Amino acid sequence: MTQIKELYAPSGANCRPGLALLPRYITIHNTANTSKGAGAQSHAAYLHGWGKDKSVSWHYAVDDKLITHCIPDVEVAWHAGDGVNGTGNRQSLAIEICENPESNLLAATDNAAELTAALMKQYGVPIGNVVQHNHWNGKDCPRRIRRGEPYDWTMFLAKVQGFFAVQAKPETAPQPQAEGVLWAVQTGAYRVRENAQAALAAMKSKGYEAYVTKSGGLMRVQLGAFAVRQNAANYAAKLNAQGITAFVVRKEVK
Ligand SMILES: [Zn+2]
């Protein structure tokens, strides 16, 4: 895949609110910026400069030669236009396809399709949850793809599926998936209801989606459940990296 350069926007700026995101959707945009030089690098620079205090941002900017990773995948970016609590803003990763004239739009759009496939694999996002910005608020975006430039949405999704099929398997082989098994990411187990509720409230106040499940006489604060063990392990590792205790537990589902 095209090189991905990590250039995260400064923490605490309006463009990077630090709210937790568990990616369930991937949202595709075109930048609508046809200025010379408005490629992936300068879109990252914008979020470090005079764009950093605007509530407009994206996870990735993609041109024909480079992908910049501007907001971490596990944090919210403001891109969907569906409000502070909108599903688009709170549950989707944003990919901006650059339109600067010196970038080849076909190559840039192909790069975005390949990145989309990689993120689907990483987070277990189904193809049905790869959506246009238009899906969230009716905006004419991604405007170039919507005009069939360099190809239309049906072709974009077909390319995504093609990349998905050929991408290398994860380095750690996933466990064979058994029917009726889920891999839950948990942050604690409690005998006392008040303690579980307090832990739940603490996670929610940090912006994490969390809920309490009961099993074996314990109330467990759960942060997500995955069909594929590796996806659960990846999410737990990301939480650990943010200083949150999280571990993976096997759950039988009836
Ligand atoms: Zn858009």
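Reply: A crossing is left-handed if the near helix is turned anticlockwise from the far one by less than a right angle, and right-handed if clockwise. Here α3 passes α6 in a right-handed crossing. Helices are DSSP runs (H or I, at least four residues; strands are E, at least two), numbered from the N terminus. The model is predicted: local features need pLDDT of at least 70, side-chain atom pairs count only at pLDDT 80 or more, and totals for chains, interfaces and linings use all residues. Residues are numbered from 1 along each chain as its sequence is written.

Me: Which residues of α3 and α6 make the contact?

Reply: Two residues are in contact if their C-beta atoms, placed from the backbone, lie within 7 Å. From α3 the contact includes Thr109, Ala113, Ala117 and Met120, and from α6 it includes Phe156, Val160, Phe163 and Phe164. By class, this contact of α3 with α6 has 7 nonpolar (Ala, Val, Leu, Ile, Met, Phe, Trp, Tyr, Cys, Pro), 4 charged (Asp, Glu, Lys, Arg) and 2 polar residues (the others, Gly among them).

Me: How many helices and strands are there in the protein?

Reply: The protein has 8 helices and 10 strands.

Me: What share of the residues is buried?

Reply: A residue is buried if 20 or more other C-beta atoms, placed from the backbone, lie within 10 Å of its own. Of the 254 residues in the protein, 39% are buried.

Me: What does the C-alpha trace span along its principal axes?

Reply: The trace spans about 60 × 40 × 30 Å. Of the contacts with a separation of 6 or more, 72% are between residues 24 or more positions apart.

Technical notes
Buried ≥ 20, exposed ≤ 12 C-beta atoms within 10 Å, placed from the backbone.
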